Amino acid sequence: MLADNDFVHVFSFDFSKAFDTVRHVSLTSKLAQLAIPDNIYNWVVDFLENHAHCTEYAGLVSAIAVIKANVIQGSASGPASYAVTAADLHPLNDHNRIFKFADDTYLVVPAVATGTCLSEIKHLQAWAADNNLKLNRDKTKEIVFSARRKVALPPPRPDIERVSSLRVLGVILNDKLTAADHVTALQSSGSSMLYAMRMRVLRSHGTPTPSLQDIFRATVISLILYAAPSWSGMCSVADHVRLDSLLRRSKRLGYCRSDMPVISELCNTADDDFFQRVKTNSNHVLQPYLPQHIDTPYQLRACPHNITLIIKTKFLNDTDFIIRMLYKFCY
């Protein structure tokens, strides 16, 4: 969108206790419209029925309340059930997009459709009311990504806070499309995790060094590499240096293995593994974003993929995971 617009609005919506308020009757009616076998539909209905709740305290038991609205959190069907509930939420304007990840909902509006923001928000509120969901305005945020440094942005809405950075599915994005804020958060969380795990206490109680290093890899390294393909392309050299300093300090303390690669290598490995899964899984969610395959009638040197390369532009460059990997495995 930034290739054709001076700026793009992104609204992050939060629904209060979304998983607890989905009505069973609404969910089952939407399930009935899907092309699923009858026995699967009947199993879901049976799973949702006959749930009740009561409270016992000081020898007294409350009346039994029948549960008619919720998707059971922690169950395998919980996120999928909510996804079915939200499947009929679509933007009013063709220029706009709505992205839904379980109960996280994002409305993306380009500059050309700025005037539709109010109607889209009202439409989303009406949809939420029809589905027994309540929009939490205090947690609803707006961030604006601009194509140039000096762009006249429209004033923020009085009822929605405009922010310069936003946490999206655990990754912090800022309005400059850099990873600086996310790396700062990783540094802080990594240091806090070292303290929270009380590595020195574990060592003082006889925890061997290999076990400490396993704990470090399972916590701190996993934290750093979470969703790395989505943000590592936006990292600067300074960002890598900051994260490498955390690894060096951990190596000196003995918490991290001495042969642990630098952050750039860890991110490259994460990129390669993820791209391999995307290429080999025809049902992967990123498959529609891959360009079309090409058939070459002449003999060329072997290439790991036969997908058309996307032309790089100012806003489609190596910071984008798909483009970064297509060009990496082309040569």
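User: What percentage of the contacts in the chain with a separation of 6 or more comes from residues 24 or more positions apart?

Analyst: A contact means heavy atoms within 4.5 Å of each other. Here, residues 24 or more positions apart account for 62% of the contacts with a separation of 6 or more. The model is predicted: local features need pLDDT of at least 70 and side-chain atom pairs count only at pLDDT 80 or more, whereas totals for chains, interfaces and linings use all residues. Residues are numbered from 1 along each chain as its sequence is written, and side-chain values use heavy atoms, with hydrogens and water left out.

User: How many helices and strands does the chain have?

Analyst: Both are DSSP runs numbered from the N terminus: helices are H or I with at least four residues, strands E with at least two. The chain has twelve helices and eleven strands, and its C-alpha trace spans about 65 × 60 × 50 Å along the principal axes.

User: Which residues of helix H4 are buried, and why do they lie on the same side of H4?

Analyst: An α-helix has 3.6 residues a turn, so residues three or four places apart point the same way. Buried means under 20% relative accessible area, exposed over 50%, and partly exposed in between, with a 1.4 Å probe and protein chains only. In H4 (residues 78–85), the buried residues are Gly78, Ser81, Tyr82, Val84 and Thr85. They cover an arc of only 155° around the axis, which puts them on the same side of H4; the arc is that of the directions from the helix axis to the C-beta atoms. Their cover includes helices H1 (18–21), H2 (24–31) and H5 (117–130).

User: Which residues of the largest nonpolar core touch the most other members?

Analyst: A nonpolar core is a set of buried Ala, Val, Leu, Ile, Met, Phe, Trp, Tyr and Cys residues joined through side-chain atoms within 4.5 Å. The largest has 27 residues, and those touching the most other members are Phe11, Phe13, Phe15, Leu27, Tyr82, Trp127 and Leu133. Strands S1 (7–13) and S7 (104–110) and helices H1, H2, H3 (38–48), H4 and H5 each supply at least two of its residues; H5 gives the most, with five. Apart from this core lies another, of 24 residues, among them Phe216, Ile221, Trp231 and Cys267.

User: Is lysine 17 buried or exposed?

Analyst: Lysine 17 counts as exposed because its relative accessibility is 65%. This residue sits in the loop between S1 and H1. Across the whole chain, buried residues make up 36% of the 331 residues.
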